[in-house]
Amino acid sequence: MTSLVVAWASVTATFLALHALPGRIQDILAGDVEYPGLREAIAAEWGLDQSLPVQYFAFLSRILRGDFGTSYVLRQPVIEVVGSQLLPTIELALTAGVLAIMIAGLVALLTAGRGRFSRELASFVELVFASTPVFWLGILLLMAFSFNLRWFPVSGAEGWESLVLPAITLALPTAGLLTQVLREAMEKTLDQPFVTTVRSRGVGEFVIRWRHVLRHALLPAVTLGGWLIGGLLGGAVITEKVFGRPGLGTVTLGAVLTHDVPVVLTVVLLAAFIHVAASTLLDILYVLIDPRLRAQ
Amino acid sequence: MKKNNLLMSGVAIALLATNAAGAEDKPVSGGALRWGVTTEPACFDPHYSSQQAAFFVSRNYIDSLIAKKADGTFAPWLATEWSISADGKEYTYRLREDVVFHDGEKFDAAAVKANYDFVKKPENAVTAVSLLQAYDHAEVVSSFVVKLVLSTLDSSFLESTSNVKLGLISPKSLAKGDLCGGGRALAGTGPFVFESYTRGQSAVFARNAAYNWAPGNAAHGGPAYLDRVTFRFLPEYAVRTGALTSGQVDLIEGVQPTDAPLFAEQPGFKLLTGPSGASTSFTFNINYTRPPADDVRVRRALRDGFDLEPIVKQVYLGTVPRAWSIIGPANPAYNKALVGSWGNDVAGANKLLDEAGWTSRDSEGFRTKDGKRLSIEVGYPQPYVRDNRDILIQGIQAALRKNVGLDLNLRLITAGEYAKNNANGTWAIYPNTDNPSDPARELWDMLGSKGFLYSNIPNPDQEITGQIDESLRTTDPVRKRQLTDAIQKRGVDQAFIVPLFAPSWFLAAKSNVNGLGFEAGLDSPSSAYDFWIAKK
């Protein structure tokens with residue numbers, strides 16, 4: 001129920017925002033072409049000559065019937081356009097997400113509460129990665145590993161080789177931020193009395209961190225989860241462009257710039273769905289991590 | 001090749017390249033070419049496309065009735081001969097009888113009529129209809145003779161029938177509709193067949209083995225040499241360059257000026273420079289009906305208040321020439337008399353502004369009148385910004401501020417804002433290049449009565465719009481030349497326009513890729529029909 005409301009609200013807001021942007025859609029679609037009657041023909045073709053409420057309800061009723069319409073610019077069914085680009089983006093975001101979590105977990109485990117020097121060095125490196133533009137990082141990785149060493153191909157989505165560099169590009173900034181949050185939380189936990197208790201039982205340092213401390217520290221990291229997903233999808237837009245990869249990024253960017261309403265609305269619906277699915281998943285994760293929440 | 005040699009006329013280099021190919025080895029068949037390109041076509045159906053970067057891709061699978069040659073004349077293609085009636089309103093084409101579409105349909109007069117009627121029909125909302133404003137109807141005279149009948153005179157019509165936007169698509173494909181996605185559904189008669197398309201990544205074309213109807217401006221006959229051509233969409237400069245140097249693609253277009261010497265001088269690679277603005281120069285189009293630019297003295301001060309030459313040289317490292325006319329130097333209709341006739345007169349510009357009453361200065365040093373700053377906005381639609389053109393404008397901005405106290409305010413705007421400004425006539429300066437086929441059509445697009453940048457401007461200049469309308473009607477080449485010369489002169493003289501530089505298309509390739517060239521009608525790389533890869 002909540003998810004339906006979220007989806008409806010985001011689509012409605014986007015619909016209004018797209019129509020509030022400057023420029024009539026038929027003018028943009030006509031572009032550099034001038035011919036008497038052309039704009040009217042385009043408007044009639046896409047139903048732009050009808051009033052906004054009519055267009056809005058026509059769109060809603062089509063969505064309910066499972067018809068996402070045709071892209072104004074690409075002149076293809078939106079479901080085909082978005083459908084064909086969905087998998088490469090999910091593949092990239094998921095791989096990068098897993099990679100970021102692995103890197104963050106490992107680095108935090110190894111550096112939390114250790115000597116000042118190693119901690120500060122790690123912190124500095126993380127800060128650099130967290131603040132490096134994805135675009136720049138992608139080009140640097142390409143120069144080193146594709147153009148010079150020739151280990152990985154520059155573009156495309158064929159096989160795992162073409163996924164390596166984009167996934168690392170996307171994962172590093174996310175990992176940088178995640179590690180900082182995770183380590184801080186771990187260090188706080190390490191100061192807690194129960195850690196001293198566990199230590200007194202003679203349990204090894206790594207086991208303490210892995211089994212007891214990490215679990216406590218995960219909560220704040222998971223809270224970041226929503227941001228993480230948004231960041232990965234946003235970063236994917238740029239990563240896909242740099243690497244010449246198929247994906248929703250380029251399609252969405254182009255659609256927003258040209259007021260391609262059906263495409264933008266479908267992507268927004270999709271994003272709303274992912275958001276709802278992700279927050280449900282995070283709620284479940286919370287409970288798994290912290291059994292105390294189960295009682296509530 | 002040294003940097004300054006790149007300044008050589010683009011046409012000469014293009015011709016040189018074609019000759020060089022012949023001198024090296026004999027062309028060989030076979031091989032696959034990977035071509036890294038800047039822009040992914042939004043639509044593969046040439047009837048609906050308005051992106052210049054899409055047309056040289058379309059050319060691989062779409063043929064036209066006739067072909068345009070570099071000298072501005074025409075050669076046979078799908079039509080073996082053509083004639084124009086004495087009153088200039090009937091164009092009759094005799095068609096080849098052996099042409100077959102990729103879907104097996106026969107090419108004939110009915111197919112030509114089907115295409116032209118499809119484009120003309122308002123319900124289809126085809127953008128290519130702008131070329132068919134004078135077209136009334138087609139008559140199938142016999143199976144292989146078609147007559148295109150105009151309602152009014154149109155001196156650019158013959159040229160339009162050579163344009164890829166009016167290329168021939170199988171009537172069966174047309175009936176299916178929604179061809180923007182390409183693939184086998186989009187059946188033309190070209191030397192390559194559309195094999196597959198992965199959005200965001202690549203489009204693949206395979207040789208059409210049955211092809212035997214090469215255009216009269218091609219270097220060979222029969223099927224294409226290459227087995228396969230793959231266009232990979234690589235929007236980033238650095239990535240395209242790296243992909244070529246590391247051997248992941250064989251050919252790239254859109255080479256950054258700073259990378260041009262790299263490929264020109266490095267063994268194993270070659271650089272080709274296309275014709276310099278064979279259609280248009282990159283130009284400031286000034287809305288001369290809105291203050292303060294409605295005062296010719298202000299416009300002339302803007303035109304002459306800076307030295308264009310060193311700015312262009314600095315931004316493009318000497319790879320492109322500065323412009324003198326809205327029409328580029330490689331175009332046969334270029335008015336050479338304009339060279340050296342305007343620009344870089346700072347003292348004169350200051351005098352003009354003093355006369356126009358812009359005598360006081362504000363705290364930032366800009367000229368003012370009645371408390372208002374002398375400011376003109378350049379609204380540059382963000383999606384069209386490329387080739388460091390924004391940096392060029394910033395250079396001009398700085399020079400005008402320093403030299404004459406004029407605030408040239410560059411603002412990157414969205415496509416929507418641009419469309420709105422145009423519809424309302426509220427833009428001030430619009431910087432652009434245009435790629436129509438015919439010089440009269442080009443001048444109409446930019447400076448014509450209705451086409452004054454396609455916007456609703458009250459009271460456009462009667463003299464220039466009258467000349468443009470006449471040049472579109474006249475079929476006498478001498479008169480047409482007089483008119484296009486006069487229009488170019490008046491455009492600059494009244495400073496309705498300030499031409500900036502004549503852009504060229506840069507291609508870089510591995511040295512074993514041969515037969516590269518440029519298409520005259522498109523002002524862009526040619527199709528891959530004549531390309532061949534030397535076996536080493």
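**A pocket in chain A, a sheet in chain B**

About 1300 Å³ of space lies in the second largest pocket of this predicted model. A pocket here is an open set of points on a 1 Å grid over the protein atoms alone, where a 1.4 Å probe fits, with protein on both sides within 12 Å along at least five of seven lines. The volume is the space filled by probe spheres set on the points.

The pocket has 47 lining residues, each with an atom within 4 Å of a point. Closest to the centre are Leu94(A), Gly225(A), Leu228(A), Ile229(A) and Leu232(A). Helix H5 of chain A gives the largest share of the lining, 13 residues. Helices are DSSP runs of H or I, at least four residues; strands are runs of E, at least two. The lining divides into 34 nonpolar, 11 polar and 2 charged residues, with Gly counted as polar.

Now turn to chain B. Four strands form an open antiparallel sheet in the order E4-E5-E7-E6. Strands pair if DSSP finds at least two bridges between them. E4 and E6 are the edge strands, each pairing on one side only. E6(B) and E7(B) pair over 6 bridges. There, Ser142(B) stands opposite Val145(B). Helix H3(B) packs on the sheet and touches E5, E6 and E7, where contact means heavy atoms within 4.5 Å.

Residues are numbered from 1 along each chain, and chains are lettered from A and ligands numbered from 1 in the order written. Local features need pLDDT of at least 70, side-chain atom pairs 80 or more, while totals for chains, interfaces and linings use all residues; side-chain values use heavy atoms, without hydrogens and water.

Conventions
Axes fitted to C-alpha atoms, helices over the stretch in contact; angles between N-to-C directions.
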